Amino acid sequence: MFASPFSEQLIRLTKKTAEARNALWFGAFVDTGVAYTEKEQELLSKNLALVQELGGEIITIADSDPVSGIIRLAKDNKVNLIVVGKSRRSFFYNFFHRGSLVKRLLEEAGDIELHVVATRALDKTDSISFNKFEKSKNENFLKDMVVVSVSVLILALIGNLILPFVQYKSIGLLFVLEVAILSLFVGRFGVYFAAIVAGFAWDYFFMPPKYTIAIKDSSDVILLLTFFIVAAITGQLTYRVRRQQILGENREKKVSALYHLARDLSSARSIDKILENAVEHIGKTFNADVVVLTKDSSEHLVSYSASTGSIDSKEISVADWVFKHRRPAGKFTDTFPSANFMYLPIATEGKTFGVLGLRPQFLGHFAPDVLSLAETFSKQLAIGLEREEMHELTKKGLLSEESERLMKSLLNSVSHELKTPLASIQGASSALLEPTLLKNEDVIKQLATQVHEGSIRLTRFVDALLNISRIEAGSPVMHLSSVDLKDLIQVVLRKLETELKSYIVATKIPDGMPTIDADFHLIEQVFTNLLRNIADHTNPGTKVEILGSFDGQIVTVVIKDNGPGIPENEIEHIFDKFYRCNQNKTGTTGLGLAIVKGFVESHKGHVSVKSRLGEGTQFTIKLPIGKIDE
Amino acid sequence: MNEQIKKPLILTVDDELAIRRLAKLTLEAADFRSIEAENGNDAIQMAASYRPDVILLDINLPDMTGLEVLQRLREWFSKSILVLSVINDEQTIVKALDLGADDYISKPFGAKELMARIRVCLRHQIEELGAPTFSSGDLVVNLANREVFIRGARIKLTVTEYDLLRILVQHAGKVVTHKQIVTGIWGPRAPGQIRNIRVHITRLRQKIESDPETPRLLLTEPGVGYRLEILDHAVI
C-alpha cells in the first residue's frame, strides 16, 4: 500500500475477502527508501492503523523496487492472494519502470492469486504526487547536472586527443562507460541527463560532420539511438543496484546499532548506566532526541536525567497512557499523533518499566520502519532493566542469608552474656533466702554484693545491646544539641568514679574548645566505653590522659594510657562487634568499641587507634565543630 | 519541753510494686515513715489526707501522667516533690521542674542517692539552708554581705558569676534548670543563653573548685541544668 487516500478502499476490501475465505491477511508495505511528505506520512500511518484495527498484520520490507519487494514478502509469508489497486500512471513512469506495477506483479506473481481493484481515477494532483520527481534525501539535481556536464566535457577532450588512434564509433562506447560510472554518483534523473548529454557530446564532437548535431551517416543514427538506450538502461541498473546497496547498508547499520545496544546493556552494571547507554544509542541511531521516563517514588512518570529532550505535562499524559496501555502512542502513531514525541512502552511480558520517547531531528523519518525498530530497542532496554532487577533481588537474597547467619551468632553471644550474670544473681539471692545464712552479716554482705554486681553487669550489657541495635537499624535517632566536651568528660569521669578510683587520670582540655553538635547521651556513651575499656584492660595505677584540641573544622580528643597495649594482629579487629581481646575476659561485652565507632560515625566523626605492646594505647576521636547556637 | 519531732513522712507514688517496696524498706530503715500510692488519683487523695513532707512521684503513671498529678498537687501542696524519671528523659524532667518539682531521681536509683535527695529537700523545708551563710566543702558564701570564701580566702567574682552562684546556693543540693538560671540572672524575658551560662560556669569552677577539671561542688546535670552539691566536710 502507499500513502494514498485510496488505500483505505483496498484495505477494507482485503479484509472482507479474508473473512470470506477465513484467512489471515496482511497490509504490505515496501520501503523503497523514498522520503514522504508529512501529509503522506499521516495518510500512511492512518492506513497502517486501519489495518491493525481491522485485525490485519502489518509486514514491511525494504526494497528499491516495489514489485520485487511485494513478491518477496508474499513468498516469505506464504501468501495465497495479493490484492492490489490499479492506478493510472503516466506513460513514462510505466515505461521506465518496465510496465505498471500491476502488470509486473502479474508476471512475477507466479502461483499467487492476484486481485486487481480498480480504484477511482486519481485526479491530476494525486497522480502528480506519485509521478513527481521522487527526490530522496541524497539527490540534488543541480549538483548532478554540473557533475555530469563537467565529466562529459572532460571525456570529450580526452576523446579528441585519442581520436587519431581510434574510430569515432569506439568513442561512443567510452561515453556509455562514462554514463555507467556516473550513475554510481548521481541521482535518478542525473542518470537520464547524463545519457542525453553524453549522447549529444558524442554526436557533436565526434560524429561526422564534427561540431554539428547533424548526422551524415544514417547508420550513425541507429548507433546514436542505441547509444541512448543502452546508456539509459545501464545507468538505471547501476542506479538501482546502488540504491539497493544503500538500503542494505542502512539496514545493516540499524541492526548493528541494535547489537551494540544489546551488548552494552548486558555489560552495564546499574540501572543508571543502562538508561544512559540506551539514551545515547537510540539518539545516535535514530538521529533523535530521546527521553526516558520512569516512575518515581510517588508513582509519577518523571524524565530521567540523561534524556536529551524535554517534555511538558501534556506530553507526560501521553506517556502515562502508554505506560498504562503498554502500546505505542504519540507522533507517527494513531493515538495522540499531535504529540511532539513518539512514545513506546519499555516493557517485557511481565512488567512495564517506563516509557521511551523519540523525536527525530529530521522530519522525513519513516514511520513504520522507525516504529518497529524503536520497539525492538525498547524491548532490549526492558530486558536489560529486568535483568538488573533480578540482579538486585539475588543480591538481597544473598544479604538476607548473611544476616541470618549473623543473627545466629549474635543470639548465641547474647544468651551467654545474659545468662551468666543472671545465674550469679539467682544463686546469690536464693542463698539470701536461706534462713541459716542470714545469721552471718558478712555473708549477707557478700551475697548482696554479688547480686548487685550481677545486676549492674546485666544492665550494662542490655544498654550495650540497645545501643548496637540503634546503630544497626541505620542512623540512631539523635537529639542534637550543643555539647561541651569538657563538661561531658567531667560527667563521664564522675560516673566512672569507682572504676577509675585507682587510676591516675589527667584531663587537659583547652578553655576555648568549641562545642560540637551532638546527642549528649551518645557521645557520653562513647567516652564511657573508652574509659571503661581502660579500666577493664589495664592494671590499677595506669596513667590516663585525656587531651583535647581543635582547629578550624575539627575537634579532637585523644585518650592515652600507658597500659599493656594491644597486639598488632588484634588491632584491626577491636572495633568489630563482639570482639574481645583475651577472649575469656568476663564482664566485658565485646560491643563497647563497636558502639564507639558506630556513634562517632553517626556524628560524622572518626575514631582511630594506635598502640604498641608494652607502651600503651591511644584512641583519637575527631568530630566536626558544632554550628548550633544555643 | 521536749518537742516530739515527728519523723518525716514520705509518700511514694509508683505503679510498680518493686519500686514502692524498695522505697518503703529504704525509708523505714532510715527511720522515716512511708506511705505508698499506685496511681495519680490515689496519690492526690493520700497527699490531702496524710500531708506528707516529701512526695516521690513517678512520671509514668497509669491513669494520669505524672506531670498532671504534679500540676494538681502544686495547686495546693507546698512541700517537696521529687520526680522519679526514666533515665535520659531530660525533656520530661525539665518540664517537671518547670511545673514545680523540686528535684528528680532517675530510675534505677540507689538507696543512698534517694536518701541524699530527700534529705536535701527536708533541709530546704526547715529553712536550714535559708540562712544568710552557706557552706559546702571549701566554699563559704555570705549572702548578706555578698562575700565568697574559698578555704577562708576571699575570692572575687563578677556580678554575673555571683548571681549564678547565689541562685545555685539558694537551691543548694537541688538541681537548677537552665531556664531557672537565666530567669534568675537576666529576668524572665531573657532569651535562652545556655552557651553563656556554660562560659560562666566554667569560670566559676575555676575560681571555686580545687580541681576545675574534676568538679566536686558545681556539677553538670546534662540536658537539665546544674547542681551545687552540699559537701559535708572540707575536701583536701
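Begin in chain B by selecting strand 10 and strand 12 (residues 225–228), which pair in the antiparallel sense over 3 bridges. Strands here are DSSP runs of E with at least two residues, helices are runs of H or I with at least four residues, and both are numbered from the N terminus; two strands are said to pair if DSSP finds at least two bridges between them. Now pick B:Val176, whose bridge partner in strand 12 of chain B is B:Tyr226.

Before moving on, note that this is a predicted model, in which local features need pLDDT of at least 70 and side-chain atom pairs count only at pLDDT 80 or more, while totals for chains, interfaces and linings use all residues. Residues are numbered from 1 along each chain as its sequence is written, chains are lettered from A and ligands numbered from 1 in the order in which they are written, and side-chain values use heavy atoms, with hydrogens and water left out.

Staying in chain B, select B:Lys107 and B:Pro108, which are joined by a cis peptide bond with omega of about 0°. B:Pro108 is found in the loop between strand 5 (103–107) and helix 5 (111–125) of chain B.

Next, show both chains together and look at where they meet: 16 residues of chain A are in contact (heavy atoms within 4.5 Å) with 19 residues of chain B. How many salt bridges are counted between chain A and chain B? The count is 3, a salt bridge being a side-chain nitrogen of Lys or Arg within 4 Å of a carboxyl oxygen of Asp or Glu. One to select is that of A:Lys486 and B:Glu213, at 3.4 Å from N to O. On the chain A side of this meeting place, helix 15 (485–495) and helix 16 (520–537) each supply at least two residues, and helix 15 gives the most, with 5 residues.

Then select B:Arg205 and A:Asp487, which form a salt bridge with their closest N and O atoms 3.2 Å apart. B:Arg205 lies in helix 8 (residues 194–208) of chain B and A:Asp487 in helix 15 of chain A, so the pair joins two chains.

For the last stops, turn to chain A, where 5 strands form an open sheet of mixed pairing in the order 11-13-14-16-15. Its edge strands are strand 11 (504–508) and strand 15 (606–612), each pairing on one side only. Within this sheet, strand 14 (residues 554–561) and strand 16 (residues 616–624) run antiparallel and are joined by 8 bridges, and A:Ile559 stands opposite A:Phe619 in strand 16.

Finish at A:Lys604, in the loop between helix 18 (592–602) and strand 15 of chain A, where phi is near 60°, a positive value in a residue other than glycine.
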